[in-house]
Amino acid sequence: MIRAHVTTPKLVVSWVALLVLTFLSFGISRVGLGEAELVIALGISVVKTFVVLFIFMHLVEQRFANRLIVILTFLFIVLLVTLTVADPMTRKTFPMRPDPAARPYP
């Protein structure tokens, strides 16, 4: 049973939302927020991804099982990225950076 249909107004609203999010992402990149830029840009891209998945790829019309597969895939990717980022942050085995003042050869 299909509960929701993707209609033309929904497509137009989604397209406008994608454009607004794109301009928002570009604007944030020009403001210079430092490290927060990456987090905000990733958040915007996640929202844009879900808009494309649910509206333009008609996932909103699919059964819950199909949506669950996409959601679980997304969560698995988040888990992999988190573990990849956490690995170098928790290692203490990196070699010491060479001291430029201590030259072994004159």
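The radius of gyration here is taken over C-alpha atoms, and the globule rule is 2.2 Å times the number of residues to the power 0.38. We're working with a predicted model, where local features need pLDDT of at least 70, side-chain atom pairs count only at pLDDT 80 or more, and totals for chains, interfaces and linings use all residues. Residues are numbered from 1 along each chain as its sequence is written, and side-chain values use heavy atoms, leaving out hydrogens and water.

**Exercise 1.** Work out how the radius of gyration of the protein chain sits against that of a compact globule.

*Solution.* Start with the rule: for 106 residues, a compact globule would come out near 13 Å. Now take the chain itself, which has 22 Å. Then look at the C-alpha trace, which spans about 75 × 35 × 15 Å along its principal axes. Finally, check burial (under 20% relative accessible area; over 50% is exposed, and in between is partly exposed): 10% of the 106 residues count as buried.

**Exercise 2.** Find out why the ring pair F50 and F74 is classed as it is, and what it ties together.

*Solution.* First, the rule: rings of Phe, Tyr and Trp (its six-membered ring) pair if their centres lie within 6.5 Å, with planes under 30 degrees apart stacked, over 60 edge-to-face and the rest tilted. Next, F50 belongs to helix α2 (residues 36-56) and F74 to helix α3 (residues 64-90), so the pair ties together parts 24 residues apart in sequence. Helices are DSSP runs of H or I, at least four residues, numbered from the N terminus. Last, ring pairs link F50, F54 and F74 into a cluster.

Methods
Buried means under 20% relative accessible area, exposed over 50%, partly exposed in between (1.4 Å probe, protein chains only). Helices (H or I, at least four residues) and strands (E, at least two) are DSSP runs, numbered from the N terminus.
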